[in-house]
Amino acid sequence: MISFPVIIPVKTFDLAKRRLSGILQPPERAALARTMLIDVLNVVASVVLPSNVIVITSSPEASGIAKSAGTQVLQEAASSDLNSAIEAAARHVMVQDAGGFLMLPADVPEVTIAVLHQALVALDQNGSLVLAPAINDGGTNLLACRPPHAIRPEFGAGSFAKHLAAAERSGLACHVLNSPELGRDIDSPEDLARFLDRRTSTLTDRLLRDLRRDLERDLGVATRPVPPGLATAYETQLLSGGKPQ
């Protein structure tokens, strides 16, 4: 296994995915964020050792999921933004004497073992920076740096172009990974509809179909609350590999 640590920043679940508030109720959005994290952790743990994964979060619930998966947990202040969280994790990585890191968001449930391995190999062999653009909004859905302080993260509007420009200013070799699996996150109702159209084998897909059987047909109608225990049933698969009852 490649030794670079993987950093996964995670928002508090009850604050996640507010752009979906027109079609998903707060408990449903929390369940979606939770399940996407589990999908991402499952893939990452197949590529690097779980102990080499760092989940940075202020959420006790996200911390519990991460610890159950055997990953490191780095606590952040509740007021921290994404860039501050990544910088804190990068400092942690430097203290651990890691040569670099890979940052992956928690809302890319379609990420695959193959594409994550490709990103880590590119960082190991081809340069100081690996970037994967978000397909829809000019964002960055993967940032890998070697050394950890190669550039400062600039997540937000147009972050992919900002990261490319930072690499150019610093004279860093940069590998761009154009990956549909990494480029597709779930932020908007349109993202969610396209995700359901693809019918993936992820837990996220199964959760969304269980939440609302006709969600893909009628995204404009208010959805029902999450059934009691549904999210917990999906969480158990991270450890047991079983199916929800």
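1. Among contacts in the protein chain between residues at least 6 apart in sequence, 64% join residues at least 24 apart, where a contact means heavy atoms within 4.5 Å. This is a predicted model, in which local features need pLDDT of at least 70 and side-chain atom pairs count only at pLDDT 80 or more, while totals for chains, interfaces and linings use all residues. Residues are numbered from 1 along each chain as its sequence is written, and side-chain values use heavy atoms, with hydrogens and water left out.

2. Of the 245 residues in the protein chain, 53% are buried, a word used here for under 20% relative accessible area, with exposed for over 50% and partly exposed for what lies in between (1.4 Å probe, protein chains only). The accessible surface of the chain is about 10,700 Å², and carbon and sulfur atoms account for 52% of that surface; the areas come from the Shrake-Rupley method with a 1.4 Å probe, and for residues only the protein chains shown count as cover.

3. The largest nonpolar core has 39 residues, of which Ile 8, Leu 37, Val 44, Leu 102, Leu 104 and Leu 142 touch the most other members. Such a core is a set of buried Ala, Val, Leu, Ile, Met, Phe, Trp, Tyr and Cys residues joined through side-chain atoms within 4.5 Å. The elements that give two or more residues to this core are β1 (6-10), α1 (26-44), β2 (53-57), α2 (60-68), α4 (113-125), β5 (129-133) and β6 (140-145), and α1 gives the most, with 8 residues.

4. Leu 142 is in contact with Leu 102, Met 103, Leu 104, Ala 119, Val 130, Leu 131, Ala 132 and Leu 182, once its neighbours within four places in sequence are left aside. A second, separate core of 21 residues includes Ile 7, Ile 56, Ala 90 and Cys 145.

5. Helix α1 also packs with helix α8 (residues 203-211), at an angle of about 160 degrees and with their axes 8 Å apart; axes are lines fitted to C-alpha atoms, for helices over the stretch in contact, and angles run from 0 to 180 degrees between N-to-C directions. That makes α1 roughly antiparallel to α8, the word for angles over 145 degrees, while under 35 counts as roughly parallel, 65 to 115 as roughly perpendicular and the rest as oblique. Residues in this contact include Leu 32 and Ile 38 of α1 and Leu 207 and Leu 211 of α8.

6. Helix α7 (residues 189-198) and α8 pack at an angle of about 105 degrees, with their axes 10 Å apart, which makes α7 roughly perpendicular to α8. The contact is made by Leu 192, Phe 195 and Leu 196 of α7 together with Thr 204, Asp 205, Leu 208 and Arg 209 of α8.

7. Some backbone details deserve a reader's attention. Most residues other than glycine have a negative phi, and most peptide bonds are trans. The peptide bond from Arg 146 to Pro 147 is cis, with omega near 0 degrees, and Pro 147 is found in the loop between β6 and α5 (159-170). Asp 97, in the loop between α3 (82-95) and β4 (101-103), has a positive phi near 60 degrees and counts as exposed at 69% relative accessibility. Arg 199, in the loop between α7 and α8, has a positive phi of about 50 degrees and is exposed, with a relative accessible area of 55%.

How values were computed:
Helices (H or I, at least four residues) and strands (E, at least two) are DSSP runs, numbered from the N terminus.
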